[in-house]
Amino acid sequence: VQRFHPSEAGTVGPSNLLCDLLYFLLTDKVAGAGNTISPEQIRTSDFAVAAQFLRTNQLFFDGAISEPANIRQYITDIAPFFLCKETLLKIASRLTI
């Protein structure tokens, strides 16, 4: 996945930061909504802020997404568990799916 933490910005590789995984789900054409959402529709500066917060507070996503889900609803449901509801909901609210 593309990484957004300032120390890894622009690199691609494994990640357990929720914002990196959400970007993957939003933009990947096979496993996500990449056929509907283009990277140009996503303000990646919000992802960088979320990545820094998550890493600083050691809030890592190590779960599995085993069922199909509406991405906007999924972000809304899990954001509170990562204490960055405002940033992730800003991301979700901008989605025009």
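Biologist: Which residue has a polar atom of its side chain 2.8 Å from the backbone oxygen of Tyr 23?

Modeller: That residue is Thr 27, and the distance of 2.8 Å meets the definition of a polar contact, which is a pair of N or O atoms within 3.5 Å, where within protein one must be able to donate a hydrogen and the other to accept it, and where residues adjacent in sequence count only if both atoms are side-chain atoms. This is a predicted model, in which local features need pLDDT of at least 70 and side-chain atom pairs count only at pLDDT 80 or more, while totals for chains, interfaces and linings use all residues. Residues are numbered from 1 along each chain as its sequence is written, and side-chain values use heavy atoms, with hydrogens and water left out.

Biologist: Why is Thr 27 called buried?

Modeller: Buried means under 20% relative accessible area, exposed means over 50%, and partly exposed is in between (1.4 Å probe, protein chains only); Thr 27 has a relative accessible area of 18%, so it counts as buried. Leaving aside neighbours within four places in sequence, Thr 27 is in contact (heavy atoms within 4.5 Å) with Gly 34, Pro 39 and Ile 42.

Biologist: What makes helix α1 largely enclosed by the rest of the structure?

Modeller: Helices here are DSSP runs (H or I, at least four residues; strands are E, at least two), numbered from the N terminus, and the chain has 4 helices and 0 strands. In α1, 9 of the 10 residues are buried, so the helix is largely enclosed by the rest of the structure; among these buried residues are Leu 18, Asp 20, Tyr 23 and Thr 27.

Biologist: How do you know that Asp 20 has no salt bridge?

Modeller: A salt bridge needs a side-chain nitrogen of Lys or Arg within 4 Å of a carboxyl oxygen of Asp or Glu, whereas the nearest side chain of opposite charge to Asp 20, that of Arg 3, is 5.7 Å away. Lys and Arg count as positive and Asp and Glu as negative, with His and the chain ends not counted. The side chain of Asp 20, which is buried, does make a polar contact with the side chain of Ser 15, at 2.6 Å.

Biologist: Why is the pair of Phe 4 and Tyr 23 called edge-to-face?

Modeller: Rings of Phe, Tyr and Trp (its six-membered ring) pair if their centres lie within 6.5 Å, and planes under 30 degrees apart count as stacked, over 60 as edge-to-face and the rest as tilted. The structure holds 4 aromatic pairs. In one of them, Phe 4 and Tyr 23 have ring centres 4.8 Å apart and planes at 70 degrees, so the pair is edge-to-face. Phe 4 lies in the segment before α1 and Tyr 23 in α1, so this pair ties together parts that are 19 residues apart in sequence.

Biologist: What links Phe 4, Tyr 23 and Phe 47 into a cluster?

Modeller: Ring pairs do so: Tyr 23 also pairs edge-to-face with Phe 47, at 5.6 Å centre to centre and with 85 degrees between the planes. Because Phe 47 lies in helix α2 (residues 44-56) and Tyr 23 in α1, the pair ties together parts that are 24 residues apart in sequence.

Biologist: How do you know that the buried residues of α3 line one face of the helix?

Modeller: In helix α3 (residues 71-78), Ile 71, Tyr 74, Ile 75 and Ile 78 are buried. Seen down the axis of α3, these buried residues fall within an arc of 95 degrees (taken from the directions from the helix axis to the C-beta atoms), so they line one face.
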